[in-house]
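Have the sequence and the 3D view open as you read.

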Amino acid sequence: MSADVVSQPLQIALAWHDWLDLFVHYLVISLMSVGGTIATTAEMHRYLVEQHGWLTQTQFNDSIAIAQAAPGPNVLFVALMGWNVGLNAGSYAAAVLGVVVTMVGALLPSSVLMLLAANWGHRNRELRLVRAFKQGMAPLVIAMLVSTGIILGSANGNFATDWPLYAVSVAAALVIWRTRIHLLWLLAAGALLGALGWL
Amino acid sequence: MTDAPNRPRSLTELFIAFTVLALQGFGGVLPVVQREIVERRRWMTHDEFIEEWAVAQTMPGPNVCNLSLVIGSRFFGLRGAAVALLGLLLVPALVVLTLGSIYSHYSDHPRVAGALRGMAAVAAGMIVATGIKLAATLRKHPLPLAVTLSLAALGVIGLVVLRVPMLAALLVLGGTGCVLTWHRLKP
């Protein structure tokens, strides 16, 4: 066993049918990701952390935080989660496999649908059915986003000791809701508070 | 609708354009796509951009990825779609994985772990805020605000408290929303 594995908090064994299960799960997630992949984070958490234990809570949250802080589309948190699942399984080869399985799974069905729909929807954009779908989904898309944020924010568990983290989440939500401040400033502020040991 | 004055000359130009704009997007790439593709390179008009964005947002999948597929395919067909999506993801993915790897070597350090804990708390707040911002658009929804807000609240309770699988929530609550809206919209 290599030193890299020892530094990981989790050691898991994935058989080929587990990889297949992971791939199929991401194919389904892809089809559910109306409102963006980030809105399905609650489902990923249920699957990866609660049901299978392939990722620790910390790895799950860190993957999202790192992808948010880095340049590029936010969907890359999926790549980082796949990478971490693979590392937990014990090798860099598995980590690369994890990235490919999760990213291809998360993107393939939605991309095919998007290309088909772009043509069709463009021709039929006044259709009642198209408008009903577009607007009818809106309340649930909002619920998915809010739920994702709550699950991520409340993952710390113990309110008595972790209340400053909750306070930061609520403050960040209020500031982003009410102002047009660049997200990087808030992430930097959160990082600073954490590094100073206040969180 | 008028056509945009410019178009990418090659797949390489398309790839580079999407790589460059993706690397500028901290905490959201969409504003950068709009600035680069519409205002700077003039590959699309504002009207075209808004129309494609509406479809990209409605369909499943990461919104900006969906948008890149449509823009790429419009110039070079299926190859263009693939190249634009790859441009958006490939180099940024290497950056994210590198950052993640660097971080995992220092994650035992209390200050590094604390910094990421703080960033994660901010990220959670950001996602909630995105949901709240979107909720403001419900005022213009064809259904009464009480109905849409109830659907959203039921969704949060189901997903957070009852932990129902998202597919079930999508089918039941999303389906209810669509059917109610369909009845409300005049043919």
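## Where the chains meet

In this predicted model, chain A puts 89 residues into the contact and chain B puts in 87, with contact meaning heavy atoms within 4.5 Å. On the chain A side, Pro71(A), Met114(A) and Arg128(A) lose the most area to chain B, together 10% of what that side buries.

The size of an interface is often given as the accessible area lost when the parts come together. Here the area buried between chain A and chain B is about 7800 Å², and carbon and sulfur atoms give 77% of that. Buried area is the accessible area (1.4 Å probe) that two parts lose on being put together, summed over both.

## A salt bridge across the interface

How many salt bridges are there between chain A and chain B? The count is one, where a salt bridge is a side-chain nitrogen of Lys or Arg within 4 Å of a carboxyl oxygen of Asp or Glu. Arg163(B) pairs up with Glu50(A), and their closest N and O atoms are 2.3 Å apart.

## Transmembrane spans

For chain A, an unreviewed UniProt entry lists "transmembrane region" at residues 23-42, 63-86, 92-116, 137-155 and 175-198. UniProt annotations like these use the numbering here, have shortened feature names, and may be inferred rather than shown by experiment. Residues 92-116 of chain A are 100% helix and 0% strand, with end C-alpha atoms 36 Å apart. Residues 23-42 of chain A come out at 60% helix and 0% strand, and the end C-alpha atoms sit 17 Å apart. Helices (H or I, at least four residues) and strands (E, at least two) are DSSP runs, numbered from the N terminus.

For chain B, the unreviewed UniProt entry gives this feature at 14-33, 81-103, 115-136, 143-161 and 167-185. Among them, 143-161 of chain B is 89% helix, with its end C-alpha atoms 26 Å apart. Residues 167-185 of chain B are 95% helix, and the end C-alpha atoms there lie 26 Å apart.

## Domains and cysteines in chain B

Chain B splits into domain 1 (11-140) and domain 2 (142-187), with bounds from an automatic or database domain assignment. Taken over C-alpha atoms, the centres of these two domains of chain B are 27 Å apart.

Cys65(B) is buried, at 1% relative accessible area, and Cys178(B) is buried too, at 13%. Buried means under 20% relative accessible area, exposed over 50%, partly exposed in between (1.4 Å probe, protein chains only). A search of the whole structure turns up zero disulfides over all chains, a disulfide being a pair of cysteine sulfur atoms within 2.5 Å.

## How to read the numbers

Residues are numbered from 1 along each chain as its sequence is written, while chains are lettered from A and ligands numbered from 1 in the order in which they are written. Local features need pLDDT of at least 70 and side-chain atom pairs count only at pLDDT 80 or more, while totals for chains, interfaces and linings use all residues, and side-chain values use heavy atoms, with hydrogens and water left out.
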